[in-house]
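I opened this notebook to record what I looked up in the structure. The entries follow in the order of my reading.

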Amino acid sequence: MEYETLETKKEGNLFWITLNRPDKLNALNSKLLEELNRAVSEGESDPEVRVIIITGKGKAFCAGADITQFNQLSPTDAWRFSKRGREVMDKIESLSKPTIAMINGYALGGGLELALSCDIRIAAEEAQLGLPEINLGIYPGYGGTQRLTRIVGKGRALEIMMTGDRLSGKDAERYGLVNRVTSLSNLEQETRKLAEKIARKSPVSLALIKEVVNKGLDSPLASGLSLESIGWGVIFSTEDKKEGVNAFLEKREPNFKGK
């Protein structure tokens with residue numbers, strides 16, 4: 001597919017999406033949101049793709065929504081803008097394939113909310129992460145109030161949103177906001193290494209892990225445990241389960257097909 005505001009690259013079983021508005025610090029506008037929505041669908045629908053990686057070109061992952069649009073938004077337009085952004089983030093979170101946010105620089109506002117919608121976040125030490133919307137007299141509108149709270153806990157989430165302060169990559173790791181942090185020079189290598197490791201696992205198991213975890217978080221513990229057992233039963237009907245068990249018994253690496 002052809003894109004104006006981002007680039008895509010297929011690398012074996014990996015699908016890279018790079019936001020490409022470096023002169024605007026990859027700020028999210030309507031065009032970029034629509035193309036991001038198409039790009040993740042492209043990666044999801046390709047049977048050869050096992051892991052989707054999202055990053056940004058230049059010195060930013062994504063510096064948030066394009067604020068130059070804000071003065072032109074009526075309250076109804078603002079609601080629609082928030083709703084559309086949230087729909088894209090929801091879609092990324094609900095993909096059956098694992099997603100990794102490779103945070104190479106600024107991840108602010110909607111940019112951090114984009115990273116929060118991914119399953120795993122890897123950040124450069126030099127990265128700066130935050131939800132500074134409070135400084136504009138507003139608050140996060142792409143799911144940040146909900147996802148950040150679930151990831152780092154209520155107290156830390158409120159502090160981040162109420163102060164608008166930025167966190168370094170190391171502080172973000174300490175808060176549990178990112179899974180791991182590395183130097184900028186090693187960021188792509190570390191991301192690729194993790195993505196390739198995940199890509200070798202069973203696609204069916206990966207999809208069901210995401211489904212059980214995401215649905216279980218929004219359910220009482222008993223319901224989540226029941227969903228886990230049901231999914232475990234489904235796994236036993238798959239070719240991947242048979243391949244995994246046989247490979248273990250035969251002391252070899254499994255070759256999962258996603259069936």
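Entry on E190. I found E190 partly exposed, because its relative accessible area is 21% (buried means under 20%, exposed over 50%, partly exposed in between, with a 1.4 Å probe and protein chains only). E190 lies in helix α7 (residues 184-199); helices are DSSP runs of H or I with at least four residues, numbered from the N terminus. Leaving aside residues up to four places away in sequence, I noted that E190 touches I122, R180 and T182 (contact means heavy atoms within 4.5 Å).

Note on the source. This is a predicted model, in which local features need pLDDT of at least 70 and side-chain atom pairs count only at pLDDT 80 or more, while totals for chains, interfaces and linings use all residues. Residues are numbered from 1 along each chain as its sequence is written, and side-chain values use heavy atoms, with hydrogens and water left out.

Entry on the cores. The largest nonpolar core has 45 residues, and I17, L36, F61, I103, L129, L148 and L177 touch the most other members (such a core is a set of buried Ala, Val, Leu, Ile, Met, Phe, Trp, Tyr and Cys residues joined through side-chain atoms within 4.5 Å). Helix α1 (residues 30-45) gives the most to this core, with five residues. I then noted a second, separate core of 15 residues, including I120 and I122.

Entry on contacts of I17. Beyond four places away in sequence, I17 touches residues among them L36, A39 and V40.

Notes
Helix = DSSP H or I, 4+ residues; strand = E, 2+ residues; numbered from the N terminus.
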